[in-house]
Amino acid sequence: MTTLLEPLRRIAAYAVCADSVGRVLLVRASERSGTPGVWSLPGGAVDHGEDPNHTVVRETAAETGLSVAVAGLADVLADMRALPERGITIHTDRLIYQVSVRGGTLTDRVDRSTDLARWYTLDEARELPLRAFTARALGLPASSADMVPDEAPEFPSFYAVPGPDGLHRAQRFAAYAVATDPEGRVLLTRVSDGYPGAGCWHLPGGGTDYGEQPGAALIRELVEETGQTGRLVELLGVASHRDAASLGPEGYPIDWHGVRAFYRVMVDQPAPPTVTDVGGSTCEARWFARDELGALPTDRLTEVTAEAVQAARLTA
């Protein structure tokens with residue numbers, strides 16, 4: 001039974017890379033992996049505190065011998081995979097980047113989790129056993145050897161573990177909304193006392209649950225934190241922030257690394273904001289006109305909010 005496997009979570013970044021004739025770069029999982037012989041995009045786990053933009057460059061170089069430059073974020077998705085032989089099931093939040101080759105020489109690896117790196121046309125790739133996320137990223141029919149758990153296991157929304165220096169550390173994936181209404185107003189929430197950023201205005205959203213897609217998590221959080229029903233319009237980007245000694249309601253310092261996808265969301269029928277998740281990290285929700293948003297001091301906005309608002313070009 002996959003429900004008896006130990007649940008784990010991780011964040012990973014992958015490269016969609018095409019050459020001058022339209023072939024895509026793929027790597028093959030070795031016997032040391034959980035899915036030997038299966039092909040996927042080059043990439044891997046985001047280290048604690050690492051910007052995913054750096055992860056995709058580092059991992060692609062390690063797996064293929066090629067140096068790449070990040071052109072932009074293409075997609076964000078999540079999946080679960082059961083590995084009974086290891087006694088675990090893994091939820092992975094995957095950031096898919098478009099990249100281009102800067103140089104290097106295509107190289108195979110020995111005694112690693114991947115062993116081959118090759119260029120394939122899409123027609124050739126279609127005939128390969130592909131990881132499901134790779135097929136989706138390339139627009140190919142999904143066919144995967146992955147074993148999916150019977151159901152999502154119980155897993156805490158906040159999970160901190162002792163780090164190598166003795167300080168607890170936490171890495172968390174979250175989804176946030178740059179939510180607007182037909183009048184162009186922007187919806188923000190205020191952080192409750194006792195939480196990092198207390199008193200600052202923040203984007204609606206929060207951490208995704210185990211087995212949950214980021215878009216679905218965002219729409220759920222929007223209702224819980226503001227009482228609004230929204231629809232996803234577009235993925236704007238991903239923010240990566242580290243606070244080496246964050247202090248929250250846990251009462252002890254935590255080396256915190258947050259990776260946050262932010263989306264443009266339209267609320268077609270806005271209502272007076274209502275915080276339904278009382279006692280949580282959100283104490284207030286409010287609609288701001290564009291000029292009101294632009295007049296807010298920078299120190300009244302959380303980092304991810306300032307970054308996302310700028311990406312959405314909502315302020316001058």
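I began with glycine 104, which counts as exposed because its relative accessibility is 60%, where exposed means over 50% relative accessible area, buried under 20% and partly exposed in between, with a 1.4 Å probe and protein chains only. I noted that this is a predicted model, in which local features need pLDDT of at least 70 and side-chain atom pairs count only at pLDDT 80 or more, while totals for chains, interfaces and linings use all residues. Residues are numbered from 1 along each chain as its sequence is written, and side-chain values use heavy atoms, with hydrogens and water left out.

Glycine 104 is found in strand S6; helices (H or I, at least four residues) and strands (E, at least two) are DSSP runs numbered from the N terminus. Leaving aside neighbours within four places in sequence, I found glycine 104 in contact with Gly65 and Leu66, contact meaning heavy atoms within 4.5 Å. From glycine 104 to arginine 81 I read 33 Å, C-alpha to C-alpha, for a separation of 23 residues in sequence.

Of its 28 residues, Val76, Leu95, Phe173, Tyr263 and Val265 touch the most other members. Two or more residues of this core come from each of strands S1 (6-17), S5 (66-83), S6 (88-104), S9 and S14 and helix H4 (214-226). For leucine 95, again leaving aside neighbours within four places in sequence, the contacts include Ala12, Pro52, Val76, Phe173 and Val259.

I then turned to helix H6 (residues 303-311), whose buried residues are Val304, Thr305, Ala308 and Val309. They sit on the same side of H6, because they cover an arc of only 125 degrees around the axis, the arc being that of the directions from the helix axis to the C-beta atoms. The face turned away from this buried side carries the exposed residues Glu303 and Gln310. Among the elements that cover the buried residues of H6 are strand S13 (231-246), strand S14 (254-266) and helix H5 (290-295). After H6 comes arginine 313, with a positive phi near 60 degrees.

Methods: Core = buried A, V, L, I, M, F, W, Y, C linked by side-chain atoms within 4.5 Å.
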